[in-house]
Structure formats: C-alpha cells, structure tokens
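Q: I'm new to this structure and would like a close look at one part of it. Could you walk me through the charged side chains and what they meet?
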Amino acid sequence: MYISYLDEAESRLARMAKLRNTWYFDCLCPRCSDHDSEINRHAARCQNPDCKGEMFVNPESWRWKGCTECKKIPDDNYKAKYFDVYDLVRTVIDENGGECRFTDVAEFLIRQMEPIFSPGDVDFMQACMSAAQGYFGDKSWTKALYYHQLSLHGIKRVYSLYSGYTGPALQKVAECYFNLGEFAQAKLYIQESYELMKIIPGAHSHMFINNF
C-alpha cells in the first residue's frame, strides 16, 4: 500500500486527531506511535553561517538535535528566533482557515522563514508549494520555477517517492523549464516524473495517460 489516508505533511497530532474523528480509530503505525517522529520534519539552518547543516527540532517537546554537519547545538537566542517564526506561521495559517492558500501570504511566510528555517522544513516546504502553485496558475514561469525548486527538498523528505506528491511536483518543474525554453532541463525532470508516476498513480491511470 502506497496511499495514505491523510496528507503526510500534517503533524503527528493533527493526523491522529483527524483519523480518530473521521475514521474512528487510533492509528498505531510507526510514525504515529513515535512521539519523536516530528523531529525529522522541522529544522533550522545551522547557526554557524559557514555550515550547510541542519538542526532538527521536535515542536511537540521543543527538543533539539545538534547540527547534522558540525554537531553544534543552537543557543537559546537562536531557539527563540525559530520558535517566534514557527508561532507566527501557525497564527497566519490559522487566520487563513488552516491553509496557506494565497500567493502573497505564502511569500510573506517564506520571507519570515528563509533566514532561519532549513529548506527541508515542512512548513517552509508548504509555503513554497503554495507560492509555486499561485505563480504557476498565473503562468509566471520564472517565479513558479523558483518556488517549485525551493519546495522539492522538503517534498522528497516529507513524502515517500510513491505517495503521489513527488511525481507531479517534478512534472511542474519540467513544465516551468519547458515554458522558459530550457528544454534539456525540462527533459531531465519529466523523465524522473515519468518513472515515479508510472507506478503511482500507475501507467493505466487517467492522470498518467493525460500527462504522458
């Protein structure tokens, strides 16, 4: 089975609450049972500006891990900066009905997160996806490509390859490159998308046939 009941980008507690309220069961899968699973989804850039590593954090407990590269632990001021932006993101999303649906809102959040949040952070990924979708719909290919590429790191981390998100995301990047006349790059991304989407949703699916 490759398809999840819910969006895998939602937090552990949010997923469990929705499954309990909608499907009337308590999920006991490894991800939902692991109280520390959120730590792999939220991360700050390393506090050392010369380091390219990440410092993971679990927002349920606010437990931090050392940098993946230099092993540095963030100091209290850096932790507070991350928390303040994290709290701002929650507030803005709640004010917008629980989603980041508007391009200007998404770009505002990206500007707040980009200096401190890792590119692989799930909240950063979702804001980039929202901005990319808005610009893609407007056929603003350069900006759409920029935000789609920013979101890819998080998409590949948060979602499994065969979840149904990664293939279409790669396809959107290919379409941006194609419309910008960069055909060699478009070919690379569309081939990667093709290899994933022929498995999920499948080579005989309506979606696959329409796109390929």
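At 47% relative accessibility, what does aspartate 26 count as: buried, partly exposed or exposed?

A: Keep in mind that this is a predicted model. Aspartate 26 counts as partly exposed, because its relative accessibility comes to 47%. Its salt-bridge partner is arginine 20, and the closest N and O atoms of the two are 2.6 Å apart. Arginine 20 counts as partly exposed too, at 40%.

That's one of five salt bridges here. Another brings glutamate 192 together with lysine 156, at 3.5 Å from N to O. This one links distant parts of the chain: glutamate 192 is in helix α8 (residues 183–202) and lysine 156 is in helix α6, 36 residues apart. Glutamate 192 is partly exposed at 33% relative accessibility, and lysine 156 is partly exposed at 41%.

Helix α8 also holds the pair lysine 198 and glutamate 195, which sit three residues apart, about one turn of the helix. Their side chains meet in a salt bridge of 3.0 Å, N to O. Lysine 198 is partly exposed at 35%, and glutamate 195 is partly exposed at 33%.

Some charged ends meet rings instead. Arginine 90 has its charged end over the ring of tyrosine 86, 4.6 Å from the ring's centre. Tyrosine 86 itself belongs to an aromatic cluster with Trp62, Trp64, Tyr82, Phe83 and Phe117. Over the ring of phenylalanine 136 you'll find the charged end of lysine 172, 5.2 Å from the centre.

How values were computed:
Residues numbered from 1 in each chain as written. Predicted model: local features only at pLDDT ≥ 70, side-chain atom pairs only at ≥ 80, totals over all residues. Heavy atoms only, no water. Phe/Tyr/Trp six-rings, centres within 6.5 Å; stacked < 30°, edge-to-face > 60°. Lys NZ or Arg CZ within 6 Å of the ring centre and 35° of its normal. Salt bridge = Lys/Arg side-chain N within 4 Å of Asp/Glu carboxyl O. Buried < 20%, exposed > 50% of the residue type's maximum accessible area, 1.4 Å probe, protein only. Helix = DSSP H or I, 4+ residues; strand = E, 2+ residues; numbered from the N terminus.
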